[in-house]
Amino acid sequence: MVNFAHRPILFMYLQVSLLLNFLPQAVLSQSNNLFTDIEAFNSKQIERFNRLINAETTIALRTVSINSSLLDNSDSVILNLFPSATFTVQRSEIDWRGPNKFIWHGEAHDKPSSIMFSVCENSITGTFIIGRDLFRVIPLGDALHAVVHLDQSKRKVCTTESQVGVAASKQIELTPELGSVSLANTSSSAQPDVIKVLMVYTPQARSQAGSEQNILNEIQLAEAAANQSYDLDDTDPTNDIPLELDVVYATEINYTETSEREAFTSKCEELGTCVITNKLKALKQLQDPDDGIMDDVHDLRGIHAADVVVLVTSNILDVSGEAFEIGASTEDAFCIIEWDKLADPGGWSLPHEVGHLQGLRHENDLN
């Protein structure tokens with residue numbers, strides 16, 4: 001017989017039992033959330049936050065802390081980007097680059113996706129394509145990060161094609177031990193051609209990124225994202241683009257940025273008539289080895305046997321990036337890219353500008 005006098009105690013017991021049964025699952029789900037909202041700002045963080053929130057490409061933004069231990073300790077995480085954009089993500093690979101430096105690759109369970117984090121000491125940055133949506137994680141400093149939903153239709157464009165003029169027919173002349181780049185690699189066992197890249201960034205770019213560690217981490221992510229963009233088919237390597245970018249060195253240079261453009265005359269002997277282009281002044285200064293501006297970059301290029309040089313700037317340009325030439329010679333294999341466009345999902349400015357130097361245009365009919 002049930003003693004109804006003890007019914008309240010029985011009900012309390014049942015409620016506690018049910019709570020204990022469901023609590024571990026709830027706690028586990030919450031503990032696997034990668035992001036936690038945080039809104040404490042210092043002056044530097046506010047400056048970076050305002051730049052992001054006012055960017056034309058920003059659809060939505062939230063500020064978070066990141067449970068970084070999940071990235072190297074868990075096979076599955078909850079990528080809680082926004083209330084309407086939360087995904088269970090399975091880790092597919094960790095590419096270790098050194099102590100406390102790695103690239104984290106993953107895929108969402110229920111959508112076609114490419115999810116990539118780059119971790120460099122205490123800096124974390126990320127780039128995600130999930131379905132048709134594009135997202136970034138950008139460090140704001142002192143363990144605060146911005147999760148940004150991007151509208152790529154409003155991103156700055158590349159103006160290389162409109163500024164370069166007539167295309168040359170030659171490709172980058174790679175260092176002798178590498179040979180020339182070929183896009184006809186059809187062997188599943190063939191090794192990709194490697195393009196060695198020297199990255200030099202301005203003090204303004206480093207300041208805008210927040211720290212030296214942050215901008216070096218952005219470069220690390222850009223290299224990984226570029227190489228992933230060449231990997232077109234996980235099941236059949238013969239469908240991949242047989243290229244690999246290798247950032248052989250990255251460093252800050254003493255240069256005060258300018259967004260000015262100036263007329264530049266070239267190809268007079270080659271074409272029998274001069275081509276006048278309206279190049280970024282910084283790009284011409286980068287390319288010229290004897291103008292007294294950034295000349296030490298050419299010494300660094302020789303020391304590290306780099307095929308291509310990339311100047312990384314702050315957000316002062318009227319473009320996302322620009323290459324010095326379409327179909328560049330060794331003397332012309334230079335380009336310029338804004339720091340936060342290096343690994344932009346859907347834009348991929350690093351392989352984009354290197355592609356111009358290799359001879360590729362926006363429109364195939366013009367090649």
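**Aromatic pairs**

Modeller: Phe49 has a relative accessible area of 22%, so it is partly exposed, a class that lies between buried (under 20% relative accessible area) and exposed (over 50%), judged with a 1.4 Å probe on protein chains only. This is a predicted model, in which local features need pLDDT of at least 70 and side-chain atom pairs count only at pLDDT 80 or more, while totals for chains, interfaces and linings use all residues. Residues are numbered from 1 along each chain as its sequence is written, and side-chain values use heavy atoms, leaving out hydrogens and water. Phe41, at 33% relative accessibility, is likewise partly exposed.

There are five aromatic pairs in the structure, and in one of them the ring centres of Phe41 and Phe49 are 5.3 Å apart with planes at 50 degrees, so this pair is tilted. Rings of Phe, Tyr and Trp (its six-membered ring) pair if their centres lie within 6.5 Å, with planes under 30 degrees apart counted as stacked, over 60 as edge-to-face and the rest as tilted.

Trp104 and Phe117 make an edge-to-face pair, 5.8 Å from centre to centre and with 75 degrees between the planes. This pair links distant parts of the chain, since Trp104 belongs to strand S5 (residues 101-108) and Phe117, 13 residues apart from it, to strand S6 (residues 113-120); strands are DSSP runs (E, at least two residues) numbered from the N terminus. Trp104 is buried, with a relative accessible area of 0%, and Phe117 is buried at 1%. Together with Phe128, Trp104 and Phe117 form one aromatic cluster.

Methods:
Helices (H or I, at least four residues) and strands (E, at least two) are DSSP runs, numbered from the N terminus.
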